[in-house]
Amino acid sequence: MNIKPLADRVLIKPAAAEEKTVGGIIIPDSVKEKPLKGEVIAAGNGTKDEEMVVKAGDNVLYGKYAGTEIEWEGEQYLIMRQSDILAII
């Protein structure tokens, strides 16, 4: 990965949106919700006040409007502060 987040920032690959429900009903693109979980691809070194808890490979939950969407080499990513992450799963 050529992207290295700075300070307390984290680069996340969002999980794919669900294609169908548990009952087998296919969800159209217009109704799909933005996923709220993903995998940490890279993490910064932290700051003097806040050490990094998450690391590359962790699966995390984050807020609905957290982070900034970026596209790199045809892939979609989110970059956000560690404080925007709600939990490690």
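Predicted model: local features only at pLDDT ≥ 70, side-chain atom pairs only at ≥ 80, totals over all residues.
Which side chain does a polar contact of 2.9 Å join to that of D8? The points below take up this question and then move to other charged pairs and to the nonpolar core.

1. The partner is R81, whose side chain is joined to the side chain of D8 by a polar contact of 2.9 Å.

2. D8 itself lies in the segment before strand 1, which covers residues 9-14. With a relative accessible area of 5%, D8 is buried, because buried means under 20%. Setting aside residues up to four places away in sequence, D8 touches G46, T47, E50, M52, M80, R81 and Q82.

3. Side chains of opposite charge can pair when their charged atoms come close. In the whole structure, a search finds 4 salt bridges. One of the salt bridges brings together the side chains of D8 and R9, at 3.9 Å from N to O; D8 counts as buried at 5% relative accessibility, whereas R9, at 30%, counts as partly exposed.

4. E75 and K13 also meet through their side chains in a salt bridge, with 2.5 Å from N to O. This pair links distant parts of the chain, since E75 is in strand 5 (residues 75-81) and K13 is in strand 1, 62 residues apart. E75 counts as partly exposed at 34% relative accessibility, and K13 likewise counts as partly exposed, at 28%.

5. A further salt bridge is formed by D58 with K55, where the closest N and O atoms are 3.3 Å apart. At 11% relative accessibility, D58 counts as buried.

6. Turning to nonpolar residues, the largest nonpolar core has 12 residues, namely V10, I12, V40, A43, M52, V54, V60, Y62, A66, L78, M80 and I85. At least two residues of this core are supplied by each of strand 1, strand 2 (37-43), strand 3 (59-62) and strand 5.

7. Two members of this core, M52 and M80, are also among the residues that D8 touches. A66, another core residue, is in contact with L78, M80 and D84 when its neighbours within four places in sequence are left aside.

Definitions and conventions:
Residues numbered from 1 in each chain as written. Heavy atoms only, no water. Helix = DSSP H or I, 4+ residues; strand = E, 2+ residues; numbered from the N terminus. Buried < 20%, exposed > 50% of the residue type's maximum accessible area, 1.4 Å probe, protein only. Polar contact = N/O pair within 3.5 Å; in protein donor to acceptor, adjacent residues only side chain to side chain. Contact = heavy atoms within 4.5 Å. Core = buried A, V, L, I, M, F, W, Y, C linked by side-chain atoms within 4.5 Å.
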